[in-house]
Amino acid sequence: MNFFKNLLLYAKMVKFSHTLFALPFAGISFLLAYLESTLDTGDLLRIGALVLVCMVSARSAAMGFNRYVDSEIDEKNPRTQNREIPSGKISKLSALLFIGLSSFIFIFASFFVNKLAFLLSFPALFVLFLYSLTKRFTLFCHLVLGFAISLAPLGAWIAITETINLVPILFSLGLLFHISAFDVLYAIQDMDFDAKENLHSIPSRLGETKSRAIAVLLHILSFVFFIFAGSSAGLGVMYFLILSVIGVLVLYEHKISYQYKSKDLPMLFYQINSWISVVLFLAILFDKWNEFLLKVSSGISF
């Protein structure tokens, strides 16, 4: 019973439920790469399981590191002082062990994907850890976070093809700007605290009005790259129709951020991000469904 209680505690620390932010984007890249590959169904399932392990462990390591290095800052912030490390529910030593274990699992799983994935796992971890430090010296920390999360589509493509292609790069750039915009909106709720503690963020340095304008610009850039990505991948009308639906969801995300600018953001603000990525993945799966079924059936060996 204690094991499951502790497991839930660590899952809460790293916000495991928010893994949905990037996982569907990795799924998009994984699906499109598979359709271009010569993998049989057995290899697809094996690599798919390894990619899932890599995604979860890498994000857990990154979030654990973020909570560890920010624990003293979180303790001062009324909004975050009840987090697991500042509140004493998880010790710093336990958090370090969790980070080390998650990092090991990520690198170990990458080794069984392919050589390129294994070699890139080390710089990928560096980038994931770097974000937690950037708020101490640059207001571009939001773009670093976006870049770290945007590695997911590229990583999934590499797992299947062991190559780098324009399509995953475009999806990664779209995800980079989308997450960066989300993080700018998220940081508005802490702008006064960040300025007081001399922490760098776009809201704490440029103010709320300019930050909201920058978030809009970043989201526009994300849509530009998603359009180019869909065109490069040869996606059909459904994909571009869904992009317009996602545009409405993004506008709603901005509206919620404005409504709660002086309060903690509601769970709906975070859920919208998950909906956006899931809806985009389902649109591409629907577009490629017949092609996917044909390839899967032809790849099954008896």
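With which residue does Glu72 form a salt bridge? The partner is Lys92, and the closest N and O atoms of the pair are 3.7 Å apart; a salt bridge here is a side-chain nitrogen of Lys or Arg within 4 Å of a carboxyl oxygen of Asp or Glu. This pair links distant parts of the chain, since Glu72 belongs to helix H4 (residues 71–76) and Lys92 to helix H5 (residues 92–111), 20 residues apart. Helices (H or I, at least four residues) and strands (E, at least two) are DSSP runs, numbered from the N terminus.

The model is a predicted one, in which local features need pLDDT of at least 70 and side-chain atom pairs count only at pLDDT 80 or more, whereas totals for chains, interfaces and linings use all residues. Residues are numbered from 1 along each chain as its sequence is written, and side-chain values use heavy atoms, with hydrogens and water left out.

**Salt bridges**

The structure holds 9 salt bridges, and three of them are set out below.

| Pair | Closest N and O atoms |
|---|---|
| Glu72 and Lys92 | 3.7 Å |
| Lys76 and Glu197 | 3.4 Å |
| Asp190 and Arg79 | 2.4 Å |

The salt bridge between Lys76 and Glu197 also links distant parts of the chain, with Lys76 in helix H4 and Glu197 in the loop between helix H9 (191–196) and helix H10 (202–206), 121 residues apart. In the salt bridge of Asp190 with Arg79, Asp190 lies in the loop between helix H8 (166–187) and H9, while Arg79 lies in the loop between H4 and H5, 111 residues away.

The surroundings of these residues can be described by relative accessible area, where buried means under 20%, exposed over 50%, and partly exposed in between (1.4 Å probe, protein chains only). Lys76 counts as exposed, at 51%, whereas Glu197 counts as partly exposed, at 28%. Asp190 is buried because its relative accessible area is 9%, while Arg79 is partly exposed at 23%. Elsewhere, salt bridges that share partners join Asp70, Lys135 and Arg136 into one network.

**Helix H8**

Helix H8 has 22 residues, which at 1.5 Å a residue should span 32 Å, and its end C-alpha atoms are 31 Å apart, in agreement with that value; the expected span is 1.5 Å times one less than the number of residues. Of the 22 residues of H8, 19 are buried, so this helix is largely enclosed by the rest of the structure.

**The chain as a whole**

The secondary structure of the protein chain comes to 14 helices and 0 strands. The C-alpha atoms fill a box of roughly 60 × 40 × 35 Å, taken along the principal axes. For 302 residues, a compact globule would have a radius of gyration near 19 Å, and the 20 Å of this protein chain agrees with that; the radius is taken over C-alpha atoms, and the globule rule is 2.2 Å times the number of residues to the power 0.38.

Of the 302 residues, 52% count as buried. Among contacts (heavy atoms within 4.5 Å) between residues at least 6 apart in sequence, 73% join residues at least 24 apart.
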